[in-house]
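Reader: I'd like to learn how to read a fold from computed features. Could you walk me through one?

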Amino acid sequence: MRKAKEKTSAVIEAQGANLMMYIIEEKEKLANIKRLKGELDAILNSVQEAIEVAGIDGNINYVNPSFSRVTSIPAGQRIGNNIFDVSPNGALARSLRTHEAVFAHRAVVGGADVEVVANASPIVVDGKMEGAVVVFQPLTDIYKLMEQLRASNQVIDDLQTRINQISTSSYTFDDLIGSQPEFESALDLARKAAKSNSTILITGESGTGKELFAHAIHGASLRFDKPFIKVNCAAIPETLLESEFFGHEKGAFTGALKTKLGKMELANGGTIFLDEIGDMNLSLQVKLLRILQEMEFERVGGTQTIKVDVRVISATNRNLLEMTKRGDFREDLYYRLNVLELRLPPLRNHKADIPAYVQSLIVKFNRKFGKHVKGLTTQAEEILMQYNWPGNIRELQNVLERAMVTVEEEIITHKYILNLVDSQAQMPPEPVLGGLMPLEQMEKQMIRLALKHYGDSVEGKKQAAKALKISLATLYNKLKTMS
């Protein structure tokens with residue numbers, strides 16, 4: 001009997017212990033549920049979008065603070081009401097009726113008649129629908145986001161424009177070939193100019209390499225790692241020139257669909273190269289003068305003053321000083337541009353550099369056309385040396401390129417050159433009578449060789465005449481008979 005009582009007592013104690021463990025576990029679960037509910041409430045209360053929850057019967061049992069902020073309806077006036085009564089056509093009611101999600105539903109809510117975009121979705125627990133929830137946001141907030149997105153896209157477009165238009169210098173002083181005095185003098189001045197920030201005016205005939213010099217000066221300057229922007233003043237229509245230089249604001253004129261950065265703004269910190277500056281119209285010359293004086297401007301259609309730090313290198317094949325006398329170019333702008341003048345000699349004044357140019361161009365075009373040309377025959381080279389090259393180095397480059405396109409041998413002969421240059425270049429006579437030639441032809445050849453050696457400038461002709469032991473007047477007379 002005693003043993004039975006002890007056994008019963010042990011069973012009761014064990015059951016009591018199990019009951020206590022169960023109660024403790026349930027309390028912990030309840031505490032966790034309360035903690036999770038608190039965290040969920042904190043999350044829902046901090047969400048900026050309006051949230052409303054209703055049971056399967058339509059009774060509203062929750063709204064977050066943002067709901068009241070958006071609709072101007074206090075939570076106490078909403079909770080406990082039925083959604084089918086207060087908003088029968090809204091997204092929440094539709095979701096409860098159809099048991100399906102509702103997306104991008106536009107409606108007017110609250111006493112403030114706020115237009116919103118709502119998304120609603122059923123609440124399903126263990127496969128059974130228990131209610132639905134709606135989340136909505138005022139259209140004004142969405143419009144603000146869209147405006148921010150457009151602004152961001154504009155920034156991206158502007159950056160892309162900068163990336164597409166900004167370039168660095170493509171040539172260095174090592175690419176400028178020439179050893180004759182006039183060319184060497186120009187090269188030496190350009191190297192010195194590169195070390196300063198002074199405005200430079202490069203003058204010379206078309207094809208003398210003005211743009212290459214501008215590239216080299218920028219590349220050797222302290223601005224070498226900043227933009228190098230080129231503007232061909234002759235190639236841009238006059239009506240668009242101001243917009244190209246200074247940019248324009250969106251809507252500044254028909255077709256201005258977005259804000260555009262101008263060349264001056266793109267060149268900020270670097271160098272802008274104004275090619276063919278003599279073709280710039282007078283109204284734009286005034287604005288360019290202001291930039292050189294103040295380093296500031298406004299975009300077309302804009303009012304904001306934009307400050308820049310730009311070095312200006314300009315170039316022309318025209319006589320700007322004569323243009324100022326005729327009133328075609330502003331005198332004050334001329335002197336602003338012409339702080340340093342770099343004059344490039346025409347090719348006819350340093351013909352002795354032609355062989356070096358030819359070899360450099362042959363290497364370039366061999367790579368371009370996949371050929372293996374080694375050089376020119378003496379006759380072909382003599383034709384190049386006789387020609388006066390009105391188009392200068394650019395014309396020489398074009399002649400060599402056309403010859404390289406057609407040549408099939410490793411050596412370019414006179415037949416590939418003669419038909420590409422003007423009639424003033426005549427093929428030198430070949431020796432006759434077993435190596436002999438008429439004295440008249442020999443005299444002409446000696447004069448050509450002398451000019452080839454000393455150059456075609458006035459000083460070069462003086463030295464050639466001295467070497468040939470004839471007077472300068474006699475040399476000029478003989479040159480007239482050779483032309």
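**Reading the fold**

Author: Of the 483 residues of the protein, 38% count as buried, where buried means under 20% relative accessible area, exposed means over 50%, and partly exposed lies in between (1.4 Å probe, protein chains only). A word on ground rules: this is a predicted model, so local features need pLDDT of at least 70 and side-chain atom pairs count only at pLDDT 80 or more, while totals for chains, interfaces and linings use all residues. Residues are numbered from 1 along each chain as its sequence is written, and side-chain values use heavy atoms, with hydrogens and water left out.

Reader: How many helices and strands are there in the protein?

Author: You'll find 18 helices and 16 strands. Helices (H or I, at least four residues) and strands (E, at least two) are DSSP runs, numbered from the N terminus.

Reader: What share of the contacts comes from residues 24 or more positions apart?

Author: Among contacts with a separation of 6 or more, that share is 63%; contact here means heavy atoms within 4.5 Å.

Reader: On to sheets. How do I read one?

Author: Strands of a sheet pair through backbone hydrogen bonds, either parallel or antiparallel. For the bookkeeping, two strands pair if DSSP finds at least two bridges between them.

Reader: Which strands does β1 pair with?

Author: With β5 (residues 128-138), β1 pairs in the antiparallel sense over six bridges, and glycine 55 stands opposite glycine 131 there. Three bridges join β1 to β2 (residues 60-63), also antiparallel, with alanine 54 and isoleucine 60 as bridge partners. β1 and β2 form a hairpin with four residues between them, and glycine 58 in the turn has a positive phi of about 95°.

Reader: Is strand β1 mostly covered or mostly open?

Author: Mostly covered: six of the six residues in β1 (residues 50-55) are buried. Look at both faces: Ala50, Glu52 and Ala54 are buried on one side, and Ile51, Val53 and Gly55 on the other.

Reader: And how many bridges link β4 and β5?

Author: There are 10, in the antiparallel sense. In that pairing, proline 122 stands opposite alanine 132 in β5.

Reader: How should I read a helix that packs on a sheet?

Author: An α-helix has 3.6 residues a turn, so residues three or four places apart point the same way. Take α4, whose buried residues are Ala91, Leu92, Ala93, Ser95 and Leu96. Those buried residues pack against β1, α3, β3, β4 (114-125) and β5.

Reader: What happens just after α4?

Author: Histidine 99 takes a positive phi of about 60° there, although it is not a glycine. This residue lies in the loop between α4 (91-98) and β3 (102-109), and histidine 99 is partly exposed, with a relative accessible area of 48%. Serine 72 is another one to look up: its phi is near 65°, a positive value in a residue other than glycine. Serine 72 lies in the loop between α2 (65-71) and α3 (83-86).

Reader: What order do the strands take in the open sheet with parallel pairing?

Author: The order is β7-β10-β13-β6-β14, five strands in an open sheet. β7 (228-232) and β14 (340-343) are the edge strands, each pairing on one side only. The twist averages 20° from one strand to the next. Inside this sheet, four bridges join β10 (residues 271-275) to β13 (residues 311-316), which run parallel; leucine 274 has serine 314 as its bridge partner in β13.

Reader: Last one: how do I read a pocket?

Author: Rolling a probe the size of a water molecule over the atoms shows where empty space is left. On a 1 Å grid over the protein atoms alone, a pocket is an open set of points where a 1.4 Å probe fits, with protein on both sides within 12 Å along at least five of seven lines, and lining residues have an atom within 4 Å of a point. The largest pocket has a volume of about 800 Å³, a volume being the space filled by probe spheres set on the points, which are joined across faces, edges and corners. Of the 27 residues that line the largest pocket, the closest to its centre are Tyr171, Gly209, Leu212, Ile393 and Gln397.

Reader: Which helix gives the most to that lining?

Author: That's α13, with six residues. α7 (210-219), α13 (354-369) and α15 (392-406) each supply at least two residues of the lining.

Note on methods
Axes are lines fitted to C-alpha atoms, for helices over the stretch in contact, and angles run from 0 to 180 degrees between N-to-C directions.
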